[in-house]
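Hi,

Here is the structure I promised to pass on to you. Have a look at it first, and then read my notes below.

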Amino acid sequence: AHGCRDTVKHTVTILPPDTGQFTFTRPCINSPVTFTDTARNIASYSWNFGDGTPNSNLPAPTHIYTNAGTYTVTLILRSTLGCPDTIREILTTLPSPVVTISNDTTICRYGSAQLLATGGGTYAWMPVSGLNNASIANPLATPAATTTYTVFVTNNFNCTTKDSVKVTVFALPHVPFTSDTPCVNAFLTFSDTLANIVSYNWNFG
């Protein structure tokens with residue numbers, strides 16, 4: 001009103017956007033998928049995996065997709081300077097093998113059991129001890145002791161599913177027996193002292 005004027009100057013620094021991106025491991029159904037952000041100097045993260053599950057605030061979260069489909073994964077991050085950024089990537093899940101494996105079984109010491117797994121293209125059995133071939137679908141197992149074998153089955157999408165079978169090994173019986181006094185031209189009775197025996201095969205030499 002009195003004709004007075006003033007000028008005030010402020011320096012405004014425009015901060016560059018924290019443009020980043022993220023990567024993820026092979027998205028096989030029912031297998032952990034790890035997400036990794038490549039941006040630096042990030043103060044906070046918010047991951048939305050696109051499947052209705054809760055968000056994650058971890059820098060490199062792991063997530064499991066249980067259904068086939070295509071999902072939009074959204075990462076909202078904020079830099080240490082306070083600048084936000086939103087990144088979106090499309091993820092399509094890959095089918096995992098549906099594995100069928102032989103039932104748990106029992107053998108006697110020095111015996112063998114035929115194992116069998118189906119559902120994939122390649123097979124890897126662990127442990128390898130006692131197996132005639134650990135890289136086929138149907139190895140023959142001759143373990144020295146009770147063993148649980150785990151098979152990793154991989155399909156043509158390079159997705160892997162594992163399953164296990166237990167082979168229980170029973171010790172061979174020690175066979176003590178008694179006999180009467182061995183007289184010539186007289187019947188001789190042999191008596192086994194073991195219990196729970198289902199069959200016998202005597203060899204009198």
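Cys108 counts as partly exposed, because its relative accessibility is 45% (buried means under 20% relative accessible area, exposed over 50%, and partly exposed in between, using a 1.4 Å probe and protein chains only). Cys83, with a relative accessible area of 15%, is buried.

Before you go further: this is a predicted model, so local features need a pLDDT of at least 70 and side-chain atom pairs count only at pLDDT 80 or more, while totals for chains, interfaces and linings use all residues. Residues are numbered from 1 along each chain as its sequence is written, and side-chain values use heavy atoms, with hydrogens and water left out.

Now back to the cysteines. The structure holds 1 disulfide, meaning a pair of cysteine sulfur atoms within 2.5 Å. Cys28 and Cys159 are the partners, with 2.0 Å from S to S. You'll find Cys28 in the loop between strand 1 (22-24) and strand 2 (32-37), and Cys159 in the loop between strand 13 (147-154) and strand 14 (160-170), so the bond ties together parts that are 131 residues apart in sequence. (Strands are DSSP runs of E, at least two residues long, numbered from the N terminus.) The torsion about the S-S bond is about -85°, so this disulfide is left-handed. Both Cys28 and Cys159 are buried.

Next, the rings. A search of the whole structure turns up 6 aromatic pairs. Rings of Phe, Tyr and Trp (its six-membered ring) pair if their centres lie within 6.5 Å; planes under 30 degrees apart are stacked, over 60 edge-to-face, and the rest tilted. One of the pairs is Phe22 with Trp47, edge-to-face at 5.0 Å centre to centre and 75° between the planes. Phe22 sits in strand 1 and Trp47 in strand 3 (residues 42-48), 25 residues apart, so to speak a link between distant parts of the chain. Phe22 is buried at 4% relative accessible area, and Trp47 is buried at 0%.

Another pair is Phe24 with Phe35, tilted, at 5.8 Å centre to centre and 50° between the planes. Phe24 belongs to strand 1 and Phe35 to strand 2, 11 residues apart. Phe24 is partly exposed at 28%, whereas Phe35 is buried at 0%. Phe22, Phe24, Phe35 and Trp47 form one aromatic cluster together with Phe49.

Finally, Arg109 lies over the face of Tyr110, 4.3 Å from the ring centre (a charge sits over a ring if NZ of Lys or CZ of Arg is within 6 Å of the ring centre and within 35 degrees of the ring normal).

Cheers

Terms used. Helices (H or I, at least four residues) and strands (E, at least two) are DSSP runs, numbered from the N terminus.
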